[in-house]
Amino acid sequence: MTEKSALFLHICCAPCGGGCVGRPEMIDPERKVVLFYSNSNLDSKEEFEKRLAPVRSLAEFYGLELIVDPYDHATWLEAVKGMENEPEGGSRCRKCFKYNLERTCKAAGENGFATTLTVSPRKKSSVIFEIGEAWNNFEKIDFKKKNGYLTGRNFALEHGFYRQNYCGCEFSRRSAGNNTGDL
């Protein structure tokens, strides 16, 4: 018997993940979905853990394996060095997407991989897809389609998941006005 192929799904938070993992195209008996939580871009270890707890609940709800990439904010800061004052959605975000996709690709090995980042209305899927073209096992799945964001938001509300109002880094927190709780 051969082992099922896998899709490693980079997951940034449970509200985004909730709009992705329950979709019919993600439920394939021939393919295993593995959640890969990689968030070294988050501005603190506390925020990392705060987002991880509902991701664990989401994985448990769907019966999915979850791999947690160790938090290493210093390495992420080095990757975006010189772009600290870039606007949200600019060059720093492109570097951040690349950083997380590279880590997911490494974890995926020969398996395919995708990202929940495409569900957010604040992220341009075309930019993420362009960056993903660097790897031949990256799968361009636009989770915004079919009301992905609304589905994830409603799933998060239904399950009482933490919902933040900034992407995660200290620079996006500054842009969001130092608030949390409504993404």
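Confidence in the protein chain of this predicted model is lowest in helix α7 (residues 170-175), at a mean pLDDT of 79, and highest in strand β3, at 98. The pLDDT is the predictor's confidence in each residue, from 0 to 100. Helices (H or I, at least four residues) and strands (E, at least two) are DSSP runs, numbered from the N terminus. Over residues 178-183 the pLDDT falls below 50, yet this stretch has 22 contacts in the model beyond near neighbours in sequence. A contact means heavy atoms within 4.5 Å. Where pLDDT is low, the predicted coordinates should not be read in detail. The chain averages 90, and 93% of the residues score at least 70.

Residues are numbered from 1 along each chain as its sequence is written. Local features need pLDDT of at least 70, side-chain atom pairs count only at pLDDT 80 or more, totals for chains, interfaces and linings use all residues, and side-chain values use heavy atoms, without hydrogens and water.

Now to β3 and its partner. Strand β2 (residues 31-37) pairs with β3 (residues 65-68) in the parallel sense, over 4 bridges. Strands pair if DSSP finds at least two bridges between them. Tyr 37 stands opposite Val 68 in β3.

Next comes helix α6 (residues 148-159). Its 12 residues should span 16 Å at 1.5 Å a residue, counting one less than the number of residues. The end C-alpha atoms are 16 Å apart, which agrees. Gly 160 follows α6, with a positive phi near 70°.
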